[in-house]
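This report looks at one helix and a set of charged side-chain pairs. The sequence and structure are shown first.

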Amino acid sequence: METLPDIVSRTIALPQEGHKLPISILNMASRRKLADMLNPERELDDSLELIPDYSGLAELLNFMYSEILVFQNAESPTHALLNEWEKHNDKNPCIGQLWVHLEKLQRVDVMEESIKYISIDIDNELRRREKPSPSCNKLAKDGIVIDDQLVLTKEDIKYGCPQYYDVFVCWNSESVSDASFVEKMATKLEDNHFKLCIPTRDDLPGQAQYHSYATLIKIRCRLMIIVLSEEYHKSVECDFMTKFAHALSPATKQKKLVPVIVSKMDVPNLLRHVTLCDFTKDDMIDWNWKRLLKAVKDVSPDWEEGEGTKATHGQSAAKDDKKERKTNFFSKLFARKTHKQQK
């Protein structure tokens, strides 16, 4: 978790160790108690300028009106809100943040009724972390325990918690020509401060590959870019990724899919109803780069144009380091593929 709330509630104190823990550790009893008390709709409180129920909590978490309507139509609005909040690392989904917002809503009753259940979940999680289960690895470097099911990318290890991405790239990593395009695309998007997850570059070896891809696509990434070429049809992994992402939302309304064509090929039937970015037309390449950037920007609400001008020296150094690592990765990949072709 990147940040803690500035003010920790003093009305009803949580165990200090629980403030940083993610809300994903909350078990069924805690969620049901919160839902029982936050689901009943209340009147607008003029002094708060909020409705002190699940909708007020959603507003404090900066969910949009359209998103709150989705929660409202769910069988349990609070369950739906908590499930969605877990997916947004940018909204700081930790228990301390939940507690602060309940206090802002003046819902001391919710805090009193739920604290014993939440405290149990905190204690269970802390005990689990103290005694690693067989599915956990201990990192000798700094002695922290990480669950294999949560560690899917190199950045998960670097930052010590699950990382979320703007874009997941579906591509055939065995193709030299596709690698050239993916390198160029990664440079353009990452220079505009978008975060990409690129299989082979960012995932970890030794994972259950398809399970890892499914988790990244469904939970960790806002959008999937599909690199289409003749090489695409040779990859069973690309076929799986495309069908899985499409199955999440057949009309592509929830999991946005952006196919980009980099060489002439037969577009898969699943994608023929989706608007394409066609990079095979030389006179439209610049226009298609702008369209692609806008498509990513539209699903990345924290993006600001010109943000790069505000970067500090430290941020610039980190960006240069990341660019160097990215260049090294693609350089090695090109060398490996070229050697294979020569043989």
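## Helix H5

The model is predicted. Helix H5 spans residues 95–104, and eight of its 10 residues are buried, so the helix is largely enclosed by the rest of the structure. The buried residues are Ile 95, Gly 96, Gln 97, Leu 98, Trp 99, Val 100, His 101 and Leu 102. After H5 comes Gln 106, which has a positive phi near 60°.

## Salt bridges at Arg 222

The whole structure contains 13 salt bridges. One of them pairs Asp 90 with Arg 222, with 3.9 Å between the closest N and O atoms. Asp 90 sits in the loop between helix H4 (77–86) and H5, while Arg 222 belongs to strand S5 (residues 221–228), so this pair ties together parts 132 residues apart in sequence. Asp 90 is partly exposed at 40% relative accessible area, and Arg 222 is partly exposed at 25%.

Arg 222 also meets Asp 166 in a salt bridge, at 3.6 Å from N to O. Here the link runs between strand S3 (residues 165–170), which holds Asp 166, and strand S5, with the two residues 56 apart. Asp 166 counts as buried, with 12% relative accessibility.

Arg 107 and Asp 109 form a salt bridge whose closest N and O atoms are 3.0 Å apart. Arg 107 is buried, at 2% relative accessible area, whereas Asp 109 is partly exposed, at 26%. Through salt bridges with shared partners, Arg 42, Arg 107 and Asp 109 are joined into one network.

Notes
Residues numbered from 1 in each chain as written. Predicted model: local features only at pLDDT ≥ 70, side-chain atom pairs only at ≥ 80, totals over all residues. Heavy atoms only, no water. Buried < 20%, exposed > 50% of the residue type's maximum accessible area, 1.4 Å probe, protein only. Helix = DSSP H or I, 4+ residues; strand = E, 2+ residues; numbered from the N terminus. Salt bridge = Lys/Arg side-chain N within 4 Å of Asp/Glu carboxyl O.
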